[in-house]
Amino acid sequence: MRIGTFVLAAQFPGQGPGEALHRAVRSAEAAEESGLDSVWLAEHHFVPYGVCPSATTLAALLLGRTRRIRVGTAVSVLPNHHPVALGEQATLLHLTSGGRFSLGVGRGGPWVDLEVFGGGLDAYENGFPEALELLLDWLREPRVTGRGERFGFREVAVVPRADELLDGAAGTSGPEVIVACTSPKSVRLAAGRALPMLLGMHCGDEEKAEMVALWRTAAREAGHPPEVVEGAAHVSAGVAQIADGPGDATETLVKTMPGWLRQGLDAHVTVDARHRVMRDPVAYTELLCALHPVGPPKLAADRLAATAERTGITRFALLVEGSGDLAATEENVRRLGADVLPLLT
């Protein structure tokens, strides 16, 4: 079982972005200190739901401050990036960290980001497969040409290459690439390229098990060998809050998370004025508490084990900053490592 944290740099009501980012950095450092496996960094633009606008930049900072833990993006929003530029950044982080970087990519949403960064609605609705293919080419090939509808350019050399060691010799594979999947279409896209999935924290075990089953079927149909299909290291996102009393952890999150969710999600602006259906923040918080490791250590460990047994997923990215408080977040991470992790080994 590989337990990591999921860092949004959430800005709670009454807080500034600097406070949210400081808590994000400290929680990542605490994750390494507590023996956790990984830190996954979200990227958002123009909303206090998460105030990290560049997951790769924050990843660079954290890779420099840590020595062991894996740092990944969850996710870099591909329609807002040129795939070659993102591939260059990923290669740089992979090589300079000794292979501790994972690149998670996703389609994002129909937000005004698309207008600001120039991708447009078509990049969100239709352009993700082309962008992903170009990104993978950049991470795997010595020379790349842009031949798609959106990205067209003459052949150029890939420098530095992701499969080179620091001394320039060939030998290492490139950074792990993982795809956020929210629909059968995205599951099949990831499976066709044998890329592991990141599955969202709003999904229960049954839905995640169905997506894993679909991925395996699609991967086999694409011709990938059994060891690749069965060995795919998917990641399950969730929420973790550890407390001694059976209801204490839930009470903490129900007090704090709805205000953050209401403020953060209400700030999203669509690029085309499409109608949005908002989740009820309290009901959503209660759902997350029921689905994920929220409660005493034994309950938390049992829920993680149950998810692993039902879905086959043994990697977790857990939101630990739900209290909105720095000291409480650090203590939550400490308890996740000290009190929960030993119950899973």
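**The nonpolar core and its surroundings**

A: In this predicted model, the largest nonpolar core has 71 residues, and those with the most contacts inside it are Ile3, Leu41, Leu132, Met197 and Leu336. Helix α6 contributes the largest share of this core, with 8 residues. Another core lies apart from it and has 28 residues, including Leu8, Trp40, Ala249 and Leu288. As a general matter, nonpolar side chains in soluble globular proteins tend to be buried together.

Met197, named above among the residues with the most contacts inside the largest core, is in contact, once neighbours within four places in sequence are left aside, with Ile178, Val179, Cys181, Val187, Ala190, Met211, Val212, Trp215, His234 and Val235.

Helix α6, which spans residues 128-140, also belongs to the lining of the second largest pocket, where α6 and β8 (176-180) each supply at least two residues. The most comes from α6, with 3 residues. This pocket holds about 370 Å³ of space, and of the 21 residues that line it, Arg140, Pro175, Glu176, Val177 and Leu195 lie nearest its centre. Sorted by class, the lining has 12 nonpolar, 5 polar and 4 charged residues.

Pro281 counts as buried because its relative accessible area is 12%, under the 20% cut-off. Not counting residues up to four places away in sequence, Pro281 touches Pro258, Leu261 and Arg262.

Definitions and conventions
Residues are numbered from 1 along each chain as its sequence is written. This is a predicted model: local features need pLDDT of at least 70, side-chain atom pairs count only at pLDDT 80 or more; totals for chains, interfaces and linings use all residues. Side-chain values use heavy atoms; hydrogens and water are left out. On a 1 Å grid over the protein atoms alone, a cavity is a set of points where a 1.4 Å probe fits but cannot get out, and a pocket is an open set with protein on both sides within 12 Å along at least five of seven lines; lining residues have an atom within 4 Å of a point. Grid points are joined across faces, edges and corners, and a volume is the space filled by probe spheres set on the points. Helices (H or I, at least four residues) and strands (E, at least two) are DSSP runs, numbered from the N terminus. Ala, Val, Leu, Ile, Met, Phe, Trp, Tyr, Cys and Pro count as nonpolar, Asp, Glu, Lys and Arg as charged, and the others, Gly among them, as polar. Buried means under 20% relative accessible area, exposed over 50%, partly exposed in between (1.4 Å probe, protein chains only). Contact means heavy atoms within 4.5 Å. A nonpolar core is a set of buried Ala, Val, Leu, Ile, Met, Phe, Trp, Tyr and Cys residues joined through side-chain atoms within 4.5 Å.
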